Each structure stands twice: as structure tokens, then as C-alpha cells.
Amino acid sequence: MGALALLWVLAIATVSVLHVSSWVERHFATGIMPLEHGRWWTPLTAGLWAPNLVGYLVATVLIFLVVAPIERKIGPRRVALAALITQIAGAALGLGAAAIAKLVDESWGFRLHLGTAVGPTTWIFGVVLVASSQMGTLWRRRVRVGLFALLITLALFAGQLQDIIRLAAAVVGLAVGVWLVGKSERGEHITGTRREGRVLVALIVAATAIGPALAALSPHAVGPLAVLRDLFRGTPYSAAEVAEICQGAPDSLDCRRGELDLRLSGVGPTILSLMPSLFLLVLSDGLRRGRRFAWYASVAAQLVLLGLSIFNFTIRFVDELDSESSFYGFDPTTHYMTIAPFLTPLAVLIVLLVTRKFFDVRAPRATYVRLALALLTMTVGLAVVYIVGGLVARSGFKPEPTLGGLIEDFPDRMLPPVYLQWLNPEFLPESWFATLLYEWTGVVFWLSVTVLVMATFLAPAYGALTGATGRARELLRRSGGTALSWMTTWRGNNYWFAEDGDSFVAFRVIGGVALTTGDPVGPRDRLRANVVDFAEYAAGKGWTPCFYSVSDGVRQIAADLGWGAIQVAEETVLDLQAIAFTGKKFQDIRTALNKAKKSGVEAEWVTFHTAPLEISDQIVAISEEWVADKGMPEMGFTLGGLEEVDDPDVRCLIAVDADRHVHGVTSWLPVYSEGRIVGWTLDFMRRRAGDGFRPAMEFLIASAALKLAEEGADFVSLSGAPLAKVEQPEGGDGAVAQDSLTAALDRLLDVLGRTLEPVYGFRSLLAFKSKFQPRYEPMFMAFPDPAALPSIGNAIGRAYLPEVSLGQGMKLMRTIIDR
């Protein structure tokens, strides 16, 4: 707070609140020329003033909301040292970069050489990057990617000296952070979930969308990518003056300059020029949600921008007529200035293509049919309004347009003015009504497109085939299933529906194996028929059917068919008829409940889909830290993550204290029978590390059991732990007769379970669940041909870990060896 007080005191004392005074700028602003004149103290003093009132207000907000929490975490001395180092070293590094910039772009470098910079945001962002070294994985990654995307965008588009120094200070903060505050207790893990990957890609796309908007809004933008700054230059011609100039010399430079000025002047054209950036921001929100449509639209947008850059380059340097492009104004330019905008869409396009696998969420099937119809209706309506209105007000144009001319001109009204640089207008507006039609029709079009597309991202999406998934959900609610049946609605599953329409099997095809998710869903008296019919369906497609994580009922049917079977997991079930957690065997559970009461920690039901941001964001942070601690991607298939939690039908029980600090979270999947919920299945389990409430999981599971018992549920399933089971004595009730190949695979799975235990801890999880004295239900894998077991094993591995790269595989092996 001392820095904030000093900032305002100096501003008032030097009369620099509204705008930095010339005296302060001359003696305390930093820059290349001040250093050349011996003002060596300016790299430090430049951080003590802001350029104007807006700068002071922004700095005040940042100090209160960002620096103050960091000060509480790392201490005032470290904050002061971080601010001092990043301010001085950042200014020095930034001035060095400004000197080098002249070699790349003489015009930009000259402006930087003459420029001066003041602003506390230099050391503020430096402090944030220093503090990021001690942040948890989620926020460390987000802060670094988000800030650097923003700062690089400002440097390349706005390009002022202060933007360069601010970016340099962030680089310094990143470099010295570990030395000043140390590493996070969670280490420097970089592994993230698909959800977090989407957020990071969305940040990059959003930053590249904001950059051109900043340049367009700032007439002082001088960065190498700030080509939009030249769109606002020119003399204020009237439509009549332009018509007179062009009548005498239609191909002259003055004619083109005047036409361009008329197209770009006014509020409507300015807003229309910014609409593509707004649309890209909406697409970035769709990318954050994982929408495939947003990915396709973003790729298309970057290809259009790339094509326009290439087209402009061709016209400027290759066209045999050697005609000038108005895109960069009318001053002499270089190949570099024309090629520069080519790089941004190319880089974003590469990022989108590399991360394509993240974006597999599709809206309900009819969503884009409705979108297409709405867009068509809106476009036709605007066309009618523009053409009819133009005919009514044709005397307000110069020259007067014909019906054919208005029809031909309508598509041009949909384009931002910058993209009309190569076209000569047939007519220009003079009256207010003609100007309204001419300039605002495109704005209405883009706003409508933006709103309609945004609405598609808000439509709920479940599974890869949302139409089939919706049908499966309805059947599941009506017929019921096993404790794992809700997992059949997860993304990645395909569906086979029985001929009577009352049953289905969820499966995924991997390496020629049709791997099911649990039992067939439907009436239990149809179980055998469904197993046989699906097996025949899979065989007809050339696939090997494999029923995975199925009940003993399916195993017995498979045995009658001559199939083999292996136990692959152990389901743990708590019957709730008389649950109380009394007696010595529940001592750990009662201890957790008592500690929670003393610590002010309570269990609270929420749904992630509608939870307040302060809660949902903590849940995301806890999950990302857990994934990062593993150093490997989250497993899928029968193990849910945040995507599966983000479902209105899934309930979350969170451990939260009086300060709304979330210490742990569990998610519960509904179990239906004959149209009603009879139980709930535990899926997602995450506990806050470090300062979190340690027995959070015991507390949450016990609390869920007690609360659900009060609601009338019959049981809760603590789900199954893959590759873990309760040891059975030889010839015991759980033993299954096996041939030699099946027995060999069983032993291999046992070895694999022991090998992966240090990383994923399935056996430890099963031992943890034993604290609740559950009833054990074995879960099996049934298959028709033992010769297909190698393919089945490969399919199971790829189902659980579909995105493990070669590098991650090597890391997994090192982790296993080290632990």
C-alpha cells in the first residue's frame, strides 16, 4: 500500500494526475534519449508515475487486486525487491530491445528511439511473474500464458516503448522468480487436462483478436503488426468532393484516398472494422468450451486472414500493374510490413491444428440446422431492408443507385471496410438515412451472427453423438441399469440400440475391438438377448466384442456362450438402510467427521454446471493440481474428469469452510431403476493439497452416505478401482475358471496394476475404500476369443490413456522406476 500512496502523492505534487507533466516527462521518464543525455536514474523513476488518469486508476485497481494478495503471500520485502529488480532490469532490457528494433523495422525503431515511457504497470506485471513461480500449477500456467499473450500482443500491435518495457519486465520476472520466492511445492509439472488445454488455446486466440482491435482504436499504434493504424488516416472528404475528384480522375490516388476515408469515417465503419475481432472473441469462448464448431470456425477465420495477407502481398509486390494497396496507407512501405500480418494467423492456425484433439464437443444435432436457418432468414431480411430502403432514399446517395446496383452492393455492406480496399464503390451516401443504411447494415449483420453463434455454445452437449446420447439418457432413466451405467452417457461412446428400442450398449471401437462401458442398459429380462445381439452386430462389422466392467450376470451369460472372463475391478457398495458409522471399525470415519466440525468445514451439495464461479474455479484448480502432481494425463473411459462432472444430472459434494475455501470435492452419478433414482455412484475425487483439510475424502464420502440415506437412497457405490481387486482364496466364490492364455493375461494385468500403483494408486484407493466396510462386487471383462486378448489389452490401455505421447510414456516409465 505504501507504493500506491507514493504513486498518488507524486502525481498530485507534480500536477501529473490528468496527464504526466512535461517536467516529469523530461526528468523522470525513461527512454534511449534520456539515457544518452545522462539521466541514468530514469529506469527506476519511470515506475513512479503513470501517463494519465486512466493509468493511475488502472494501477490502483491492479495494486489492490493483484499486488496486495501477493504481498500477503510472499511478504512485503520480497514484493519490494521484485518490483525494484523488474522495474530496473525490465527497463534496461526493454531499451536494449528498442535499440535492436531499428534493425528490423527502421520506422518503428526510430519511434522507439525518440519515445519515452512512464508507468507502474512495468513493475506490477514483473511482480506478478515473480510470484507465479510459487503459484499452483493451474494458476501458474494461466497467469504466464495469459499475461505473455496479452503483453506480446500489446508490444506487436500498439508497439509503444512502454509496451516493450512492460514485456521485458515480465521476462525478467519469469527469470528471477525462482531465485526470489522459490518454486511451488507442487513442482514445475506441465501436464494438464484437455479442459485446461482448451483454456490456453482460447487465451491465445483471444489475444490475437484483441491485438487488431487495440491497433484500430489507437491512432498512436506503431507496432510492427499495427497495420490497422493506417486505416484511420486521410483528409476529411465529403461524398460530393470525392465524387467530383473521382469523376475527373477515377484512378487517381486522391480518388482512392477519398473513397477509403469515406468508408472508414464515422462510428458505423469503425464498429464494423472491429466486428471480426468480436466474433473471434466469441469463438475463443467456444474453444474454451471445447466446441468442434468453434474450432472449425476459428480455423476458417485464420485461413481467411492468411489469404488476405497473401493476396495483399501479391497485389503490392507481384501484380504486373504495380498498383498500390491502401491497406497500409499511402506511404512507402517494405516487404516486411506487408508480410508481418501473415505471421500471426499462420501461428494461430498451427496452434489450432496441433491441438485439434481438444475440441470434440458437439452441440445437439439440430443446433446448426437452426443456426443456418436463422442466419439465412436474418440475411434475407437485411437484404430486403437495405434494397427497399435504398430505393426509397436513393436521392440521398451520390450518384443515385439503381435496383441492380443496390442488389450488387448488398454483399459489400456485410464486409468490414478494410476488406473493400480493392473495390471502387458505385455510390456513396450523403443523407443521414442513406448513411444509416450504408454504414450500419453490416454492423447489424455481424452482431446478429455473433449472438446466434454464441447461443450455440450455450446449448448443452453430451457425448460425441449428442442425438444418440440423449436417447440413451432417456432409456437409462426409464429402464435403469447398474452402478456404472451413467458412464455410458460420457463423451467418446458410440451406441448400439436393440431392435425393440428399449435397450442399448455403449461402446467404443479401438484397434478393431468393440469395448463396452459396463452392462447393456435395458430390461434385465432382455440381458442375454442384448449380449448376444450386440456380439453379432460387432462381429458383422468385423470387430471383436469385449464386455468390460460388467456384472456377474453378464459374466455368467458369457460363460454359457463359451466365452472367457477375467476380473478387472472390484466395486465397493454401501447399503444405506441402517448406515451409522458406529463401532471401532469406523473410528477413522468418525474422526474425520469430528475434525471437520471443529475446523468449521461443512459438506455442501452443488452442481458444477450451476455453481458460483468462486466455487467452480476452486474445483478446477484442485483438479488441475492433482493431475499435474501425477505428471501424466488424466485417465478416462470409466474414470471421470471435469468434463464428466460438468453435467446437470451429476451432483457434487464439496468440503467448504466458513471462508468458502473448498478443501475437497466428490461427484456422484445417479443410478436409476424403473424410472427413479435408487442410488448414487462415486466418481470424481479430489482433495486440496498443502493447506487443505486432510481427511476431506473420508469426511465427504461419509457425509454423502448419511445425506443420501436421509433422502431415501438405497445404496451408494464407491465405484470400482481398475486393476485392483480383493484377493480370493484358491477355489473361493470369486474364482473364475480360466484357460492358460486367460490366466496369463490375468497375471499380466496383476503385474500392470502393481506397476502403475506408484502413479495412479488404484490399489491404495481400494484399500482406502475398505475404511467404510463396504460390500464387494467383482467386475469382469468378458470376451469370445482368447486369441484376441493382445488386441483387447491394447484397446483397454488406449481407452484409459488415449493421449499418451511417446515422451509421456518415457516419463511414466521414469516415474515408476523412481518411485
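Strand β5 (residues 513-516) sends the side chains of V513 and L515 one way and those of A514 and T516 the other, and all are buried (buried means under 20% relative accessible area, exposed over 50%, partly exposed in between, with a 1.4 Å probe and protein chains only). In a regular strand the side chains alternate between the two faces of the sheet. The model is predicted: local features need pLDDT of at least 70, side-chain atom pairs count only at pLDDT 80 or more, and totals for chains, interfaces and linings use all residues. Residues are numbered from 1 along each chain as its sequence is written, and side-chain values use heavy atoms, with hydrogens and water left out. Helices (H or I, at least four residues) and strands (E, at least two) are DSSP runs, numbered from the N terminus.

- Two strands count as paired if DSSP finds at least two bridges between them.
- Strands of a sheet pair through backbone hydrogen bonds, either parallel or antiparallel.
- On one side, β5 pairs with strand β4 (residues 504-510) in the antiparallel sense, over four bridges.
- I510 has V513 of β5 as its bridge partner.
- A hairpin is formed by β4 and β5 with two residues between them, and G511 in the turn has a positive phi of about 60 degrees.
- Strand β5 also runs parallel to strand β6 (residues 544-550), and three bridges join the two.

- Eleven strands make up an open sheet with mixed pairing, in the order β3-β4-β5-β6-β13-β7-β12-β11-β10-β9-β8.
- The edges are β3 and β8 (602-606), each with a single partner strand, so one side of each has no neighbour in the sheet.
- From one strand to the next, the twist averages 30 degrees.
- Helix α26 (residues 696-711) packs on the sheet and touches β7 (564-575), β8, β9, β10 (662-673), β11 (676-687) and β12 (715-720) (contact means heavy atoms within 4.5 Å).
- The direction of α26 makes about 35 degrees with that of β10 (axes are lines fitted to C-alpha atoms, for helices over the stretch in contact, and angles run from 0 to 180 degrees between N-to-C directions).

**Salt bridges**

- A salt bridge is a side-chain nitrogen of Lys or Arg within 4 Å of a carboxyl oxygen of Asp or Glu, and by this rule the count is 22.
- Side chains of opposite charge can pair when their charged atoms come close.
- R473 and D647 form a salt bridge, with their closest N and O atoms 2.7 Å apart. This pair links distant parts of the chain, 174 residues apart: R473 is in helix α20 (residues 466-479) and D647 in the loop between α25 (642-645) and β9 (651-656).
- R473 is buried at 4% relative accessibility, and D647 is buried with a relative accessible area of 4%.
- R473, E474, R477, D647 and D649 are linked in a network of salt bridges.
- R491 forms a salt bridge with E643, the closest N and O atoms being 2.6 Å apart. R491 is in the loop between α20 and β3 (494-497) and E643 is in helix α25, so the pair ties together parts 152 residues apart in sequence.
- R491 is buried, its relative accessible area being 16%.
- R528 and D560 meet in a salt bridge at 3.8 Å, N to O. R528 belongs to helix α21 (residues 527-540) and D560 to helix α22 (residues 552-560), so parts 32 residues apart in sequence are tied together.
- R528 is partly exposed, with a relative accessible area of 40%, whereas D560 is exposed at 58% relative accessibility.

**Helix α6**

- Helix α6 (residues 76-104) has 29 residues and reaches 40 Å from its first C-alpha to its last, close to the 42 Å expected at 1.5 Å a residue (the expected span is 1.5 Å times one less than the number of residues).
- Among the buried residues of α6 are V79, A82, A83, T86 and Q87.
- The buried residues of α6 pack against α3 (32-36), α4 (42-45), α5 (53-74), α7 (106-114), α8 (121-131) and α10 (161-181).
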